[in-house]
Amino acid sequence: MQELKMHLKKMSELNYNLLMSNIIIHSKIDEKDKQILLWCLQDRDRNYVRLNDNEQVYENIKKYLSLLRPLALPLENLVRVGGFNDGGYVMFNALSAGGGGGGALSLGVSEFSPWDLEMANLGFKVVEYDGSIEKCPYKHPNIIFNKLFIGATNDESAITLNEALRKNNFDKTKNNILQCDIENCEWEMLENIDMSLLSEYFSQVIFEFHGMNPEERDGFALRSELLSRLNEHFVPIHTHLNNHGKIFYSKGLFFSTTLEVSYLRKDLAKPYLSFGYRDEGNLKGFDSPTFLPNPEIPLRFVKENNG
């Protein structure tokens, strides 16, 4: 029975690849974009390619990208922490801004969290929350692990973000940084917190956003509203499309349901607003494929009339 299931799975993958290959090859799109989309089909379990030129889907992708379009900071103002590939993030390169080294709140740890380790080595007190593992993968005096999920209520298995902030006594005058990769639970967390509270505690916030499917009407409405609220207090400074999961292509724009986005608090970003916003990514020397066997996904923005 197991062999039959494996055989059926392989046949399904083959049929999907043949179908999508034909659709991509015969579509009137840029040849380089065709090549990237075809490369994405090499690993069917990790990538699911969608070509969709429906006007509403295209507008949803444009809206998402406009909300996530990063400030065009000079590259010397950026740094990558946590190494390349999955687990590393591009940040504002003034880790002492806001009163010196402070705390790092890491939500979602897993068995491999190089960002946490490097931040601890930089002198930050790293407070971790993850209920899915038994202990922190690293032994470091600056890392404090809590076997709890971030949730909407406080109970034996979960803690709210409000309570985590209160319990850990983060010094608001310091350069505190939030890193959040909690597998689609970030939206519920953002729904249940006052965004201004994030700006009180953190100079930078880093999210791995999940579930950003531009074909979902209700999901798009909720997520775009939350991103707009976040942008009232923070400015995106780096955006990266994860090269696994659902990959969308619509009228020359690539999109992924999973993205890494780094933000800088508005008051700290103010001196750099005159640089404007990026027209495209990725950033050489900073970005790399999240999953090495898959190609990097181009990041492009539609430049509006107001720049």
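# Close-up views of the predicted model

**Figure 1. Asn 169 belongs to the loop that runs between α5 (161-168) and β9 (175-180).** Helices (H or I, at least four residues) and strands (E, at least two) are DSSP runs, numbered from the N terminus. The model is predicted, so local features need pLDDT of at least 70 and side-chain atom pairs pLDDT 80 or more, while totals for chains, interfaces and linings use all residues. Residues are numbered from 1 along each chain as its sequence is written, and side-chain values use heavy atoms, without hydrogens or water. Although Asn 169 is not a glycine, its phi is positive, at about 50°. The relative accessible area of Asn 169 is 64%, so this residue is exposed (buried means under 20%, exposed over 50%, partly exposed in between; 1.4 Å probe, protein chains only).

**Figure 2. Asn 85 is a non-glycine residue with a positive phi, of about 70°.** With a relative accessibility of 23%, Asn 85 is classed as partly exposed. For most residues other than glycine, phi is negative.

**Figure 3. A cis peptide bond joins Gly 281 to Asn 282.** The omega angle of this bond is near 5°. Asn 282 is placed in the segment that comes after α9 (266-269). Most peptide bonds, by contrast, are trans.

**Figure 4. Helix α4 (residues 114-121) contributes several buried residues.** Pro 114, Trp 115, Asp 116, Met 119 and Ala 120 are buried in this helix. Gly 123 follows α4 and has a positive phi, near 105°.

**Figure 5. The strands β1, β12 and β13 make up an open sheet.** The 3 strands are arranged in the order β1-β12-β13, with mixed pairing. At the edges are β1 (47-51) and β13 (253-256), each of which pairs on one side only (two strands pair if DSSP finds at least two bridges between them). Between β12 (residues 245-250) and β13 the pairing is antiparallel and extends over 4 bridges. Tyr 249 has Phe 254 of β13 as its bridge partner.

**Figure 6. Asp 33 and Arg 300 are joined through their side chains by a salt bridge.** The N to O distance is 2.8 Å (a salt bridge is a side-chain nitrogen of Lys or Arg within 4 Å of a carboxyl oxygen of Asp or Glu). Asp 33 is in helix α2 (residues 31-40) and Arg 300 in the segment after α9, so the pair ties together parts that lie 267 residues apart in sequence. Asp 33 is buried, with 2% relative accessible area, whereas Arg 300 is partly exposed at 24%. In total, the structure contains 11 salt bridges.

**Figure 7. A salt bridge links the side chains of Arg 50 and Glu 215.** The N to O distance for this pair is 3.0 Å. Arg 50 sits in strand β1 and Glu 215 in the loop between β10 (204-209) and α8 (217-231), so the contact ties together parts separated by 165 residues in sequence. Arg 50 is partly exposed, at 29% relative accessible area, and Glu 215 is also partly exposed, at 28%.

**Figure 8. Within helix α3, Lys 62 and Glu 59 are 3 residues apart.** This spacing corresponds to about one helical turn. The two residues form a salt bridge in which the closest N and O atoms are 3.8 Å apart. Glu 59 is partly exposed, its relative accessible area being 34%.
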